[in-house]
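Trainee: Could you walk me through how to read a few features of a model like this one? I would like the general idea each time, then the case at hand.

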Amino acid sequence: MSDNERTTSAADPSPSVQWFAIIMLFVLLAVVLTPWAWAIISSFKVRGDIMSAGLWPREWVLHNYRRLFAETYYSRWLINSLVVSIAAMTLGTLLGSMAGYAFAKFQFRGKTILFWIVIASMSIPPFTTIIPLFGWMAKFGLINTYPALIFPFAASAFGLFLMRQYISTLPDELIEAARIDGCGEFRIFWSIILPLARPALGTVAILIFLASWNSFIWPLVMMRSEDMFTLPVGIAGLNSEQTPEYGMVMAAALVSCIPIVTVFFFMQRQIISGLTRGAVKS
Amino acid sequence: MANTYAEELSSKVTKRGEKRLARYLPRGRTLVPYFFIMPFFIVFGLFWIFPIVASIFYSMTEWRGITPPVFIGMANYVSLLNSPRFHQALGNTLVLAFFYVLAANLLALALALLLNAGWMRMRQLFRTAFFLPMTISIVVSAVIFQLIYAGEIGLIAKALSVFGLRGPVWLQEEGWATAAIVMLRVWRTLGYYTLIYLAGLQTVSSELREAAIIDGARPWQVTWYITLPSIRPVILFCVVISTISGLEMFDEIMILTQGGPADSTLTVAVYLYQQGFQFLQLGHAAAASYVLTCIVIFIAILQRLTIGRDLP
């Protein structure tokens, strides 16, 4: 429901009650936005202003941001995060859409049981898989490498689920017609199904990217040297130093949000539909 | 462009006979679906199924990483059963999850009911602003809240001192630290649950509500007897999802308290991380992770049986 299809009803509360509710919502909105504002203000403060009693900075400075890039591995963490998340997103979207297509449009032995295994795996805490994986990755020399962070996110159960849901709404006739015309099975998937499934692909890609970009426990366990950290681990490290430079920590936190918040504003509809889908329909 | 191509293709198949003919894969092509699922299941098997199953074995071993695991039967589970620190972690986890689930769902439901009202204005603004924290990582939200809760230099302490007041030192006092962690989580996920509840509310038939109002029902009666029962599946979904994520709290605790003060925010996840990756007792940690898995599944089933009774 959007703002312009406002409806009125006989049971609406009186205008004064309505205004009271809206004012309360604005109060809540202010509370919810305060942490953002505080982080932004603090990131422009000098150390003295953070430590002193005042709320407002006496002078606004950029040096927290400058030091972040000049004196820490921040740009390296940013690159690591991008590499890992983009790789996981690409691989995960491809694998998920291929498997989702098979589950949506083919009958095969073991289909039901495989699907239930995938769905059931979503309720298993990641802590159960990370322990053996840590041991094995250590054995195969994969600790402190990118693949250790890419593959755990490349098989997304939720991604498969969303792709299956979406592709099963596409008409069977498309596939059958292409088959009659002698189109190869992989080409049917690649040139017919994938372009039509673009909205769902976007959603799945974003969800996998977010999961990887925001992940903390995986890089915390798998990455050993500071130059291989991703943003969350790097930021946590800055924050846990003996005397943390809080202004710089805030700058680090805010810069790491820029890619995601930008994507969010451009693709809000897809992100929201991806995160809420499945909740209402099934 | 893709759409016109699709339409063109589908218009080609019109006769029923042709359709039936094409429904079956040509001979010798029964392996096609397996080709499509294979890449996913290779990765999924190696990085999900295999570790989950192997974890059962490792939980029955003494395993310190580099050296091979030694089978010791149920000893890890017995030592968990006898460990007061693990009991504390279990209790803390349940308390944190309980308050989080309660606060997040009640607030989100109230917000969604408000935002769903026909007379509400500026819905888009509220939805976006409340949802925004969900897109950033828990680590980022935790470091931001660190500078809100901190004694002396935190926003709350500074704001109170303007009025000459002194609040608690949030992260260093038992109880307050738990509350601080719950509030942070609620801040981060409120918009997410609100959106799910909103999506559910929009499926509730307005005719039913109008009819009840004409029959003289008060607005709260309509909400309680018509709206809420109709969105029970959505309530179940949100409660289950928030419970699972509440029981697995880890990131913000590592940033804010590391389980302190006096182990009052030590969760099972933090406990097993410390055991596994700080003390390299991987077998012991695997056992703890299985206890956590069982609790998660048990509570989810319990919720399905209570809130979700007689749902399809």
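Mentor: Gladly. Helices (H or I, at least four residues) and strands (E, at least two) are DSSP runs, numbered from the N terminus. This is a predicted model: local features need pLDDT of at least 70, side-chain atom pairs count only at pLDDT 80 or more, and totals for chains, interfaces and linings use all residues. Residues are numbered from 1 along each chain as its sequence is written, chains are lettered from A and ligands numbered from 1 in the order in which they are written, and side-chain values use heavy atoms, with hydrogens and water left out.

Trainee: Where does Pro261(B) lie, and what kind of peptide bond joins Gly260(B) and Pro261(B)?

Mentor: Most residues other than glycine have a negative phi, and most peptide bonds are trans. Here, Pro261(B) sits in the loop between helix H13 (251-256) and helix H14 (268-278) of chain B, and its bond to Gly260(B) is cis, with omega about -10°. In that loop between H13 and H14 of chain B you also find Asp263(B), a non-glycine residue whose phi is positive, near 60°.

Trainee: Is Ser242(B) buried or exposed?

Mentor: Ser242(B), in helix H12 (residues 232-247) of chain B, has 0% relative accessibility, so it counts as buried. Leaving out residues up to four places away in sequence, Ser242(B) touches Tyr100(B), Val101(B), Asn105(B) and Tyr193(B); contact means heavy atoms within 4.5 Å.

Trainee: At what angle do H11 and H14 of chain A pack?

Mentor: Two packed helices are described by the angle between their axes and the distance between the axes. Axes are lines fitted to C-alpha atoms, for helices over the stretch in contact, and angles run from 0 to 180 degrees between N-to-C directions. Helix H11 (residues 198-214) and helix H14 (residues 246-266) of chain A pack at about 175°, with axes 11 Å apart. H11(A) and H14(A) are therefore roughly antiparallel (under 35 degrees is roughly parallel, over 145 roughly antiparallel, 65 to 115 roughly perpendicular, the rest oblique). Leu210(A), Trp213(A) and Asn214(A) of H11(A) meet Ser256(A), Pro259(A) and Ile260(A) of H14(A).

Trainee: How many residues of chain B are in contact with chain A?

Mentor: Chain B contributes 104 residues, in contact with 112 of chain A.

Conventions. Buried < 20%, exposed > 50% of the residue type's maximum accessible area, 1.4 Å probe, protein only.
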